[in-house]
Amino acid sequence: DAFWQSPRRTIDDSYVDGLSITHGNPRKHLWTLAVGNSELTDHLEVRCPRDTDPFDFTRVPDFVGNNFYCEAGYETMDEARIAWEDPLWDGQQCVSSTAQSCSRCGWFHRDIMPSQKDIEVRWCADQRRQDEDFYTDLLEIWVL
């Protein structure tokens with residue numbers, strides 16, 4: 001459901017269906033990898049924010065800003081299975097006119113002050129696992 005109900009949530013909540021990447025204590029946002037329900041759905045509450053609808057971005061929490069990717073594994077209807085044919089956040093098979101971040105999926109880069117603080121990755125969801133699970137095969141974080 002991507003960022004559904006997120007504006008009233010904090011960085012310490014499950015504010016996204018997807019991955020939250022933060023550092024430090026208290027948490028500071030680095031990046032969010034959001035999972036939308038389907039690429040072409042018109043259901044505002046479950047889709048990725050669209051460039052063509054500024055209201056969509058009111059669902060993205062202020063602390064996230066533009067530091068996120070959002071993609072769905074299904075083009076039209078979500079299905080109760082792993083979408084092997086369309087891996088998330090790779091920028092492929094992503095409907096760029098509807099999914100805000102399709103054109104910039106892949107590597108992300110953030111400059112932060114030097115720190116000894118840990119980087120934390122959280123798998124977040126706001127509903128039960130049977131409805132919100134997403135498969136993660138590989139996540140690389142490089143610190144340069």
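The model is a predicted one, so local features are taken at pLDDT of at least 70 and side-chain atom pairs at pLDDT 80 or more, while totals for chains, interfaces and linings use all residues. Residues are numbered from 1 along each chain as its sequence is written, and side-chain values rest on heavy atoms, with hydrogens and water left out.

Start with the overall layout. The chain has one helix and four strands, where helices (H or I, at least four residues) and strands (E, at least two) are DSSP runs numbered from the N terminus. Read from the N terminus, the order is β-β-β-β-α. Of the 144 residues in the chain, 40% are buried; buried means under 20% relative accessible area, exposed means over 50%, and partly exposed is what lies in between (1.4 Å probe, protein chains only). The chain exposes about 8800 Å², with carbon and sulfur atoms supplying 51% of that area; accessible areas come from the Shrake-Rupley method with a 1.4 Å probe, and for residues only the protein chains shown count as cover. Among contacts (heavy atoms within 4.5 Å) between residues at least 6 apart in sequence, 61% join residues at least 24 apart.

Seven of the eight residues of E2 (residues 28–35) are buried, so the strand is largely enclosed by the rest of the structure. Strand E1 (residues 18–23) runs antiparallel to E2 and is joined to it by six bridges; strands count as paired if DSSP finds at least two bridges between them. E2 also pairs with strand E3 (residues 68–71), this time in the parallel sense and over four bridges. Leucine 33, for its part, has tyrosine 69 of E3 as its bridge partner. E3 is covered on both faces, with Phe68 and Cys70 buried on one side and Tyr69 and Glu71 buried on the other.

Four residues sit between the two strands, and glycine 24 takes a positive phi near 80°. The peptide bond from asparagine 25 to proline 26 is cis, with omega near 10°, and proline 26 lies in the loop between E1 and E2.

Now for the inside. The largest nonpolar core has 11 residues, among them Ala2, Phe3, Tyr15, Val16, Ala34, Phe68 and Cys70. A nonpolar core here is a set of buried Ala, Val, Leu, Ile, Met, Phe, Trp, Tyr and Cys residues joined through side-chain atoms within 4.5 Å. A second, separate core of nine residues includes Leu19, Ile21, Tyr69 and Phe134. Alanine 34 touches residues including Ala2, Phe3, Val16, Cys70 and Trp89, leaving out residues up to four places away in sequence.

Histidine 29, in strand E2, is worth a stop. At 9% relative accessibility, histidine 29 counts as buried. Its side chain makes a polar contact with the side chain of threonine 32 at 2.7 Å. Such a contact is a pair of N or O atoms within 3.5 Å; within protein, one must be able to donate a hydrogen and the other to accept it, and residues adjacent in sequence count only if both atoms are side-chain atoms. Not counting residues up to four places away in sequence, histidine 29 also touches Tyr15, Phe63 and Arg110, among others.

Aromatic rings come next. Three aromatic pairs turn up in the whole structure; rings of Phe, Tyr and Trp (its six-membered ring) pair if their centres lie within 6.5 Å, with planes under 30 degrees apart called stacked, over 60 edge-to-face and the rest tilted. The rings of tyrosine 15 and phenylalanine 63 have centres 4.9 Å apart and planes at 85°, so this pair is edge-to-face. Tyrosine 15 lies in the segment before E1 and phenylalanine 63 in the loop between E2 and E3, so the pair ties together parts that are 48 residues apart in sequence. Tyrosine 15 is buried at 0% relative accessibility, whereas phenylalanine 63 is partly exposed at 28%. Tryptophan 31 and tyrosine 69 also form an edge-to-face pair, because their ring centres are 5.1 Å apart and their planes stand at 70°. Both tryptophan 31 and tyrosine 69 are buried.
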